[in-house]
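Please take a moment with the sequence and the fold below before reading on. The paragraphs that follow move from the whole chain to a few of its elements.

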Amino acid sequence: MLWTKTFIPTLKEIPQEAETVSHQLLLRAGLVRMLMAGVYSYLPLGLRALNHIEKIIRREMDSCLAAEVLLPAWQPLELWQKSGRDKDLAEIMVRFTDRRGRKVCLGPTHEEVITDLVKNHVASYKQLPLALYQIQTKFRDEIRPRFGLIRGCEFIMKDAYSFDRDEAGLDKSYREMHEAYLRIFKSCGLEILVTEADPGVMGGSFSHEFMAPAKDGEDVVLSCPGCGQAKAYQAPGAEMEACPRCGAKMERLNCIEVGHIFKLGTKYSKALGADFLDEKGKLQPMIMGCYGIGVSRLIAAVIEQNHDAAGIIWPQEVAPYQVIVLALDSGDEKIRDLADNFYRELAAGGIAALFDDRDERPGVKFKDADLVGIPLQAIIGKKALQDQVVEIKVRRGNKLIVKPKEEALREIRGILNG
Ligand code: ATP
Ligand code: MG
C-alpha cells in the first residue's frame with residue numbers, strides 16, 4: 001500500500017483528552033478516531049491490527065474445535081427477563097421499543113441468545129459437546145467510557161460458549177479454552193497474569209481473568225515475584241500481601257483485563273430450558289461455559305506493553321504491515337524509483353509492505369515510521385544510489401543493519417521468519 005493512497009492521519013502533538021499511553025498512541029499514529037465518548041472509528045492501520053488479532057483468535061478457536069457464528073446485536077428483552085439479567089444489567093443495557101412495539105436491547109453479551117439457539121436445535125447427548133464463538137460488536141452504556149479502546153460503549157468482543165453433558169466435559173472444554181487463551185495472548189506479544197476471579201453477574205461457580213500488566217490498567221493484581229502466582233487485589237488494607245503459595249511478599253501491579261472465562265454450570269440452561277436427553281433417556285440441563293476476549297481492548301493492551309518514547313513497537317503478528325519502505329528525498333527520481341522497485345519486490349514476495357511515497361522531509365518520515373511502529377523500516381536514500389545499499393532498521397531496539405541492495409530482501413525475510 002502507498003502512504004499517499006491510504007489514510008494515516010498522524011499527529012505531532014499529544015491530544016489533550018488522551019490520558020493513557022495507548023490512547024495517545026492510538027490517536028497519534030492515526031489508528032482510530034473518536035466519534036463521541038466511548039465510540040470509535042477504526043482507520044486503515046487500526047483495522048489491519050484488529051484483523052490480525054482476529055486472525056490469531058480464529059486460529060486458536062479452530063484448535064479448540066469451536067465453530068464460528070454471528071449472532072444478532074438486536075435482541076428481544078423478553079429473553080433477558082427469563083434469566084433475570086434485564087435487571088442485573090439494567091443500567092448498561094441499551095434498550096428501546098421498535099415501531100412494532102417490541103421491547104428490544106442491543107446485546108451487551110450473548111449468553112441468553114446462544115442458549116436459546118442451542119436449546120432449539122440440540123436434543124441429545126450425541127450432539128454434545130458443542131462449542132460456538134463469534135467476534136462481534138457489543139453495546140454497553142458504560143458509566144465512564146474512557147482510555148480510548150480500553151472502555152468503550154461500543155466495542156468488539158470474541159465470545160465463545162461451550163455446552164457439555166457433565167462436569168467432566170465442562171472441565172475439559174474450560175481447560176482447552178484456557179490454554180488457547182494463553183497462546184492467543186502470546187501471539188499478540190502480551191505478557192499475561194491469570195487470576196481466579198469472582199463470577200459476578202455472569203453467575204456460575206468458577207472463573208479466571210487474563211490480566212495484561214500495564215501502568216495505566218484499571219485493575220490491580222497481586223503478583224508473586226517468587227513463584228508467579230497471581231490473584232485479584234480486593235480492598236486496600238483487607239489483603240494479606242504474602243504469597244499463599246510460597247510466602248514471598250506479593251507486588252501490586254496495575255493490569256488491563258483482556259479476557260475472562262467462566263464455568264457457568266446450569267444457570268442459563270435451566271433459566272431458558274436448554275435440556276438434552278442423556279444415555280438413559282433422562283432430561284438433563286446442559287452444562288455451560290463462556291469465554292470472552294476484549295478484541296478491541298487488546299489493541300490498547302498490546303500498545304501499552306509494546307512502545308517507547310518514539311511510538312508503537314508492533315509485535316510481528318499484530319503489526320498492520322511487516323515493512324515500511326522510506327524513500328528519502330523522494331524528489332530525486334532515481335531514489336524514488338529504487339524505493340518503488342524495492343517496495344514492489346517485497347509485495348511480490350508476499351511481504352505486507354507500506355511505501356512512504358509522500359513528498360516530505362526525511363525527518364518527518366523517520367518520525368512517522370517510528371510512531372506507527374511497523375517492525376522493519378527499509379530506508380532508501382542517497383546511500384542506496386551511491387553505494388547500492390539498503391539500511392534496515394529493526395523498530396524493536398532500533399538496530400540498524402546495512403545490506404547490499406540485492407541481499408536486503410533476503411535479510412528482511414530472515415528477520416521476519418525469526
Ligand atoms: P470490566 O470488568 O473491564 O468491565 P467485564 O467483566 O464487564 O469487564 P466481560 O463481560 O467478561 O467483561 O467481557 C469480556 C471481555 O470484554 C472483558 O474481559 C474485556 O476484555 C472486554 N470488555 C468488557 N467491557 C468492555 C468495554 N466497555 N470496552 C472494551 N472492552 C470491554
Ligand atoms: Mg464491565
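Of the contacts in the protein with a separation of 6 or more, 67% are between residues 24 or more positions apart. This is a predicted model, and in it 53% of the 418 residues are buried. The C-alpha trace spans about 80 × 60 × 45 Å along its principal axes, while the accessible surface comes to about 19400 Å², with 52% of that area belonging to carbon and sulfur atoms. The secondary structure consists of 12 helices and 23 strands.

Among the helices, H2 covers residues 44-63, and its 20 residues reach 29 Å from the first C-alpha to the last, which is close to the 28 Å expected at 1.5 Å a residue. An α-helix has 3.6 residues a turn, so residues three or four places apart point the same way. With that in mind, the reader may look at the buried residues of H2, which include Leu45, Ala49, Leu50, Ile53, Ile56, Ile57 and Met61, together with the acidic residues Glu54 and Glu60. Just after H2, Leu65 takes a positive phi of about 60°.

On strand S8 (residues 154-164), S7 has an antiparallel partner, joined to it over 10 bridges, with Phe139 bridged to Glu154 of S8. How enclosed is S7 (residues 130-139) by the rest of the structure? Because 8 of its 10 residues are buried, S7 is largely enclosed.

Towards the end of the chain there is an open sheet of 5 strands, in the order S20-S19-S21-S22-S23 and with mixed pairing. Its edge strands, each of which pairs on one side only, are S20 (353-356) and S23 (399-404), and the twist from one strand to the next averages 20°. Within this sheet, S19 (residues 323-327) and S21 (residues 376-380) run parallel and are paired over 5 bridges, one of the links being that between Val323 and its bridge partner Leu376 in S21. Helix H10 (residues 362-372) packs on the sheet, where it touches S19, S20, S21 and S22 (389-394), and its direction makes about 175° with that of S19. Helix H12 (residues 405-416), for its part, lies across S19, S21, S22 and S23, and runs at about 135° to S23.

Notes:
Residues are numbered from 1 along each chain as its sequence is written. Chains are lettered from A and ligands numbered from 1 in the order in which they are written. This is a predicted model: local features need pLDDT of at least 70, side-chain atom pairs count only at pLDDT 80 or more; totals for chains, interfaces and linings use all residues. Side-chain values use heavy atoms; hydrogens and water are left out. Helices (H or I, at least four residues) and strands (E, at least two) are DSSP runs, numbered from the N terminus. The expected span of a helix is 1.5 Å times one less than its number of residues. Buried means under 20% relative accessible area, exposed over 50%, partly exposed in between (1.4 Å probe, protein chains only). Two strands pair if DSSP finds at least two bridges between them. Axes are lines fitted to C-alpha atoms, for helices over the stretch in contact, and angles run from 0 to 180 degrees between N-to-C directions. Contact means heavy atoms within 4.5 Å. Accessible areas come from the Shrake-Rupley method with a 1.4 Å probe; for residues, only the protein chains shown count as cover.
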